[in-house]
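Open the structure in your viewer and keep the selection tool ready. Each stop on this tour says what to pick and what is there.

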Amino acid sequence: MGWFFFDSGLFDLFFVAIFFLIVGVIVVAVITGIREWNDNNHSPRLDVDATVKAKRMSVSGGSEMDHITSYYATFEVESGDRMEFSLSGREYGNLVEGDFGKLSFQGSRYLGFLRK
């Protein structure tokens, strides 16, 4: 005799529930991404004076050969507000904390930084 869990069909129900949970998470992630993309496209492009306040990297994944590195920079504008943007490794490498210049962005989308 097997366990009650396996004999009653609860095992199958459990896997169906997990499947729909995973599909639901994927659908929510896609909808969130599309919404952010749309919001950025409808936001005005802004070019403001800003200072690079901080830089950081986030490394995720398993081994040395199988990891993803994300790059971020925090900018402070004249009003004192700070904004953090995700950027490419090349852009990240070109920025130095304390740099002053023109920050270009559209919503939460980083467009560039021109050092003065």
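How many bridges join E1 to E2? Eleven, and the two strands run antiparallel. Bear in mind that this is a predicted model.

**Stop 1: the hairpin**

Select E1 and E2 together. They form a hairpin with five residues between them. E2 covers residues 67-77. Now pick Ser 58, which stands opposite Ser 70 in E2.

Move to Val 59, found in strand E1, residues 45-61. Is Val 59 buried or exposed? Its relative accessibility is 54%, so Val 59 counts as exposed, the cut-off being over 50%. Leaving aside residues up to four places away in sequence, Val 59 touches His 67, Ile 68 and Thr 69. Check Thr 69: its C-alpha lies 4.4 Å from that of Val 59, although the two are ten residues apart in sequence.

**Stop 2**

Click on Arg 45. Its bridge partner in E4 is Gln 106.

**Stop 3: charges over rings**

Show side chains. Lys 55 lies over the face of Tyr 92, 4.3 Å from the ring centre. Then find Arg 56. It lies over the face of Tyr 72, 4.1 Å from the ring centre.

**Stop 4: the core**

Which residues have the most contacts inside the largest nonpolar core? Select Phe 75, Phe 85, Leu 87, Leu 95, Leu 103, Tyr 110 and Phe 113. The core has 13 residues. E2 gives the largest share, three residues.

Centre on Phe 113. Beyond residues up to four places away in sequence, its contacts include Ala 50, Val 52, Phe 75, Leu 95 and Leu 103.

**Stop 5: the rings**

Aromatic pairs number eight. Start with Phe 19 and Phe 20: the ring centres are 5.3 Å apart and the planes are at 75°, so this pair is edge-to-face. Phe 20 is exposed, with a relative accessible area of 54%.

Next, select Phe 75 and Tyr 110. Their ring centres are 6.0 Å apart and their planes at 15°, so the pair is stacked. Phe 75 lies in E2 and Tyr 110 in E5, so the pair ties together parts 35 residues apart in sequence. Phe 75 is buried at 0% relative accessibility. Tyr 110 is buried too, at 12%.

Key. Residues numbered from 1 in each chain as written. Predicted model: local features only at pLDDT ≥ 70, side-chain atom pairs only at ≥ 80, totals over all residues. Heavy atoms only, no water. Helix = DSSP H or I, 4+ residues; strand = E, 2+ residues; numbered from the N terminus. Buried < 20%, exposed > 50% of the residue type's maximum accessible area, 1.4 Å probe, protein only. Contact = heavy atoms within 4.5 Å. Core = buried A, V, L, I, M, F, W, Y, C linked by side-chain atoms within 4.5 Å. Pairing = 2+ DSSP bridges. Phe/Tyr/Trp six-rings, centres within 6.5 Å; stacked < 30°, edge-to-face > 60°. Lys NZ or Arg CZ within 6 Å of the ring centre and 35° of its normal.
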